[in-house]
Structure formats: C-alpha cells, structure tokens
Amino acid sequence: MTREIIIAPSILAADFARLGDEVAAIDRAGADWIHCDVMDGHFVPNISFGADVIKAIRLVTKKIFDVHLMIAPTDPYLEAFAEAGADVITVHAEAGPHLDRSLQAIRALGRKAGVSLCPATPESVIEYVLDRLDLVLVMTVNPGFGGQAFLTSQIPKIRRVRAMIGDRPIRLQVDGGITRQNAAAVVEAGADTLVAGSAVFGGNTAAEYANNIAGLRLATKTGRLPS
Ligand code: DX5
Ligand code: ZN
C-alpha cells in the first residue's frame, strides 16, 4: 500500500529565542506537521517545554500539531495539551501502567491518539490497544535529546509494527536521527511519517529549511541522495 509521506520537523532543534518565527518558517518551507517534543526531566533526562509554549506557537500556523509527550505521568496533563491545540497526542507505552486508559482519554478529548515505543520496548505492547490508536511512533533513538545517531536495530520493529497495523488507518511514525541517508530505509520498512529535528533545522537558517524538507521527501521517494 502506498501512503502519503508526512514530514514532521521537530521544533526541539529550532532556535527557541525565535520559536514563533521558526514555526512560521517551517510552515512556509513545506512541513506537513509540527512535531513538539515535551520532556519532563523525569521520564527522560532533559526538560524542554510544556502546554503554554505550544498554545503560544499554535497561533502562527494551521498545520497539524503533533505532540510527543515524554513525561510521566501523562494522564493529568492530557487535557492541557488538548486545550493548547494539539491535534495528535502521543504518550509513551513505558510512561505508566495504564496505556489503554491514556489512549481512551486522548480520544475522549477529541484528539488523535498515539503511542511511542522506546528502542528497548517490544512491539507486542500495542497488540491489545491497536483499535484505540491513530499513530504508532517507533523511536529510533533513546528519547531525550536531538542530534543522536539513528539506531538500525529498530528497522525490524518498524517492519513488524507495519504488519500489526494491517489495513487499519494508523500512521507509523519514526523519530530520532532521521536523515536523507536513512529516510528510504525506514519508509521501505513501513514508516509513513518522519520526524526530523537536526536534518531540518541544521544550521538554523530559514533559507535552508525548504531545501532540507524537500530533500528528505525526495529521499523517501527515490532512495537516492538528492544533490
Ligand atoms: C528525541 C525527540 C526527537 C528529536 C529528533 O527525544 O523525540 O523528536 O528531537 O531530533 P533529531 O532528528 O535531531 O534526532
Ligand atoms: Zn519526538
């Protein structure tokens, strides 16, 4: 099955001093979704930003807001992220004991529900919640930081998750170390939604963002490196 490829730049790699302008710039540059990495210094060893920041930048674009929660617990904060303007809310399977409940809560708020799997987490954790999912995120680095190297160990997991999804309308997202060099491999394994931080914002020059996004998109189609 051929699915439209979604490119979702992670604003974790943006210049935070000019965050609104950066979001506007990736919107103009052809981003499909805006990927927001929320980190709590507890579930992951880093702290980024929360619902108030998302609410503020929500005003500068109409693109889909894809909110990746790397926080534990998640349930007490879901409503705040929904109200801030998240369209997709993704929680980590490892963040709490009641994944099924968290996914129900996200859909009850009228938002798309995603689950993210750390590199060491087997895909079997989603077996009994598949019908509550709009997105599965296979982490291709250990969550917490941008700019890490892609873990090739996750390619078989992407393939297995794709098989589990079958014909359900569930997006298969990859996040971490995605570049023009590996974009074709993850798409070939079954990914259809690519998060990229460093590969889009590298250099922090807005003029380059369109070229970076187009390059990633082209790499997914051809498997070859665009010049
Ligand atoms: C990692 C985050 C990623 C990260 C991606 O915890 O979830 O979204 O920002 O950044 P790159 O593309 O630089 O690996
Ligand atoms: Zn992310």
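Select D192 to start: leaving out residues up to four places away in sequence, D192 touches R3, E4, I5, I6, R162, I170, R171 and L172. Contact here means heavy atoms within 4.5 Å. D192 sits in the loop between α6 (183-189) and β8. With a relative accessibility of 1%, D192 counts as buried; buried means under 20% relative accessible area, exposed over 50%, and partly exposed in between, for a 1.4 Å probe and protein chains only.

The model is predicted, so local features need pLDDT of at least 70 and side-chain atom pairs count only at pLDDT 80 or more, while totals for chains, interfaces and linings use all residues. Residues are numbered from 1 along each chain as its sequence is written, chains are lettered from A and ligands numbered from 1 in the order in which they are written, and side-chain values use heavy atoms, with hydrogens and water left out.

**The whole chain**

Show the chain as a cartoon. The chain has 8 helices and 8 strands; helices (H or I, at least four residues) and strands (E, at least two) are DSSP runs, numbered from the N terminus. The radius of gyration is 16 Å, close to the 17 Å that the globule rule gives for 227 residues, so the chain is as compact as a globular protein of that length. That radius is taken over C-alpha atoms, and the rule is 2.2 Å times the number of residues to the power 0.38. Along the principal axes, the C-alpha atoms fill a box of roughly 45 × 35 × 30 Å. Of the 227 residues, 53% are buried. Among contacts between residues at least 6 apart in sequence, 65% join residues at least 24 apart.

**The sheet**

Next, colour the strands. The 8 strands form an open sheet with parallel pairing, in the order β1-β8-β7-β6-β5-β4-β3-β2. Its edge strands are β1 and β2, each of which pairs on one side only. From one strand to the next the twist averages 25 degrees. Two strands pair if DSSP finds at least two bridges between them.

Select β8 (residues 193-196). T193 and V195 point one way from the strand, L194 and A196 the other way, and all are buried. β1 and β8 pair in the parallel sense over 4 bridges, and the bridge partner of I7 in β8 is L194. On to β7, which runs parallel to β8 and is joined to it by 3 bridges; here D175 stands opposite V195 in β8.

Now go to β2. Its parallel pairing with β3 (residues 64-70) runs over 7 bridges, and M39 has M70 as its bridge partner in β3.

**The zinc ion**

Which residues coordinate the zinc ion (ligand 2)? Select H35 (NE2), D37 (OD), H68 (ND1) and D175 (OD), which coordinate the ion at 2.0 to 2.3 Å. Donors are N, O and S atoms within 2.8 Å of the metal (3.2 Å for Na, K and Ca), and sites may look incomplete, as water is not among the atoms. The site of the zinc ion (ligand 2) is octahedral, with angles of 67 to 168 degrees among its 6 donor atoms; six donors count as octahedral if opposite donors are over 155 degrees apart and all others between 65 and 115. The donor residues are spaced H-x1-D-x30-H-x106-D in sequence. Both H35 and D37 are buried.

**The helices**

Select helix α1 (residues 19-28), where L19, E22, V23, A24, A25 and I26 are buried. The cover over these residues includes β1 (6-9), β2 (33-39), α2 (51-57), α7 (198-201) and α8 (206-222). Just after α1, G30 takes a positive phi of about 105 degrees.

Move to I57 in helix α2. Is I57 buried or exposed? I57 is buried, at a relative accessible area of 5%. Neighbours within four places in sequence aside, I57 is in contact with I11, L19, G20, V23 and F65. I57 and G20 are 37 residues apart in sequence and 5.5 Å apart in space, C-alpha to C-alpha.

Then select helix α4 (residues 99-108), which lies across β4 (88-92) and β5 (112-117) and runs at about 150 degrees to β5. Helix α5 (residues 155-165) lies across β5, β6 (135-139) and β7 (171-175), running at about 165 degrees to β7. Axes are lines fitted to C-alpha atoms, for helices over the stretch in contact, and angles run from 0 to 180 degrees between N-to-C directions.

**Last stop**

Select P73, in the loop between β3 and α3 (78-84). The peptide bond from A72 to P73 is cis, with omega near 0 degrees.

Technical notes
Tetrahedral: all angles 85-135°; square planar, octahedral: opposite > 155°, others 65-115°.
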